[in-house]
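Good morning, and thank you for joining. I would ask you to look at the model on the screen while I take you through a few of its local features.

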Amino acid sequence: MIRVVLADDEQLTRQAIESLLNLEQDLEVVAGVPDGAAALAAVAEHHPDVLVVDHEMPVLDGLAVLERLSAAYPDVRSVMLTRHARPGVLRQALSSGAKGFLAKTAPASLLAEVIRRVHSGLRYVDPDFAADAIAEVRCPLTERELDVLRLVDDTVTANEIARVMHVSAGTVRNYASSAMTKLGARSRGQAARIARDHGWI
């Protein structure tokens, strides 16, 4: 019996997946949880063989869960589910230890097969997601523009970024403006999200 912890913040989706997986003769969902912190707690409590984790969740997102999982529970294999697979997310998930990566729209029978494959030591990446990652656009940003975007979040100011980078606030604004133009972004935050989604920062 392959023991599974399932983490997804959408209750209806989580319960449907759990019910379908429990119909499989060799799979048992030992816990279904609504967020990343609860996922790690469930792994600690139940010691599953496989964690199936949604990419976008509250408290800790799927990528943060994978990083902590690989450090604290290296024997637990993981499968990431996502609605919107961006090449950067795929690379981050795989580098954080995910052994499976597939769309939330995949049939339950495929998810069950992926869980079995991952449990046996194999990998699975949705072919469409893999093709998108291979065909990804080259990063148009300079290294300094990337440096600025790495420091951008909802609370940091241009002056604070300037202090960290040892440049003037005007220089920071110029780099941010250039990055926004190249990426077609309306704000520094949007430019940073685009860069993260592509795996450039």
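Let us begin with Phe101, which is buried, its relative accessible area being 0%. Please bear in mind that we are looking at a predicted model. Phe101 belongs to the one aromatic pair that the structure holds. Its partner is Phe129; the ring centres lie 5.6 Å apart and the planes stand at 75°, so the pair is edge-to-face. An angle over 60 degrees is what that term requires.

The protein has ten helices and six strands, and its C-alpha trace spans about 60 × 35 × 30 Å along the principal axes. Of its 201 residues, 43% are buried. Taking contacts between residues at least 6 apart in sequence, 64% join residues at least 24 apart.

I turn now to helix H7, residues 143-151. Which of its residues are buried? They are Glu145, Leu146, Val148 and Leu149. Viewed down the axis of H7, these buried residues fall within an arc of 160°, so they line one face of the helix. What covers them includes helix H8 (158-165), helix H9 (169-183) and helix H10 (188-197).

For H7 and H9, the axes come within 9 Å and cross at roughly 100°. H7 is therefore roughly perpendicular to H9. On the H7 side, the contact is made by Arg144, Glu145, Val148 and Leu149. H9 contributes Val172, Tyr175, Ala176, Ser178, Ala179, Lys182 and Leu183. Sorted by class, this contact has seven nonpolar residues, one polar and three charged.

Finally, a residue in another helix. Leu20 is placed in helix H1, residues 11-22. Is Leu20 buried, partly exposed or exposed? With a relative accessible area of 42%, Leu20 is partly exposed. Leu20 and Ala39 are 19 residues apart in sequence, and their C-alpha atoms are 19 Å apart in space.

Thank you; I would be glad to return to any of these regions in discussion.

Terms used
Residues numbered from 1 in each chain as written. Predicted model: local features only at pLDDT ≥ 70, side-chain atom pairs only at ≥ 80, totals over all residues. Heavy atoms only, no water. Buried < 20%, exposed > 50% of the residue type's maximum accessible area, 1.4 Å probe, protein only. Helix = DSSP H or I, 4+ residues; strand = E, 2+ residues; numbered from the N terminus. Arc of directions from axis to C-beta. Contact = heavy atoms within 4.5 Å. Axes fitted to C-alpha atoms, helices over the stretch in contact; angles between N-to-C directions. Parallel < 35°, antiparallel > 145°, perpendicular 65-115°, else oblique. Nonpolar A, V, L, I, M, F, W, Y, C, P; charged D, E, K, R; others polar. Phe/Tyr/Trp six-rings, centres within 6.5 Å; stacked < 30°, edge-to-face > 60°.
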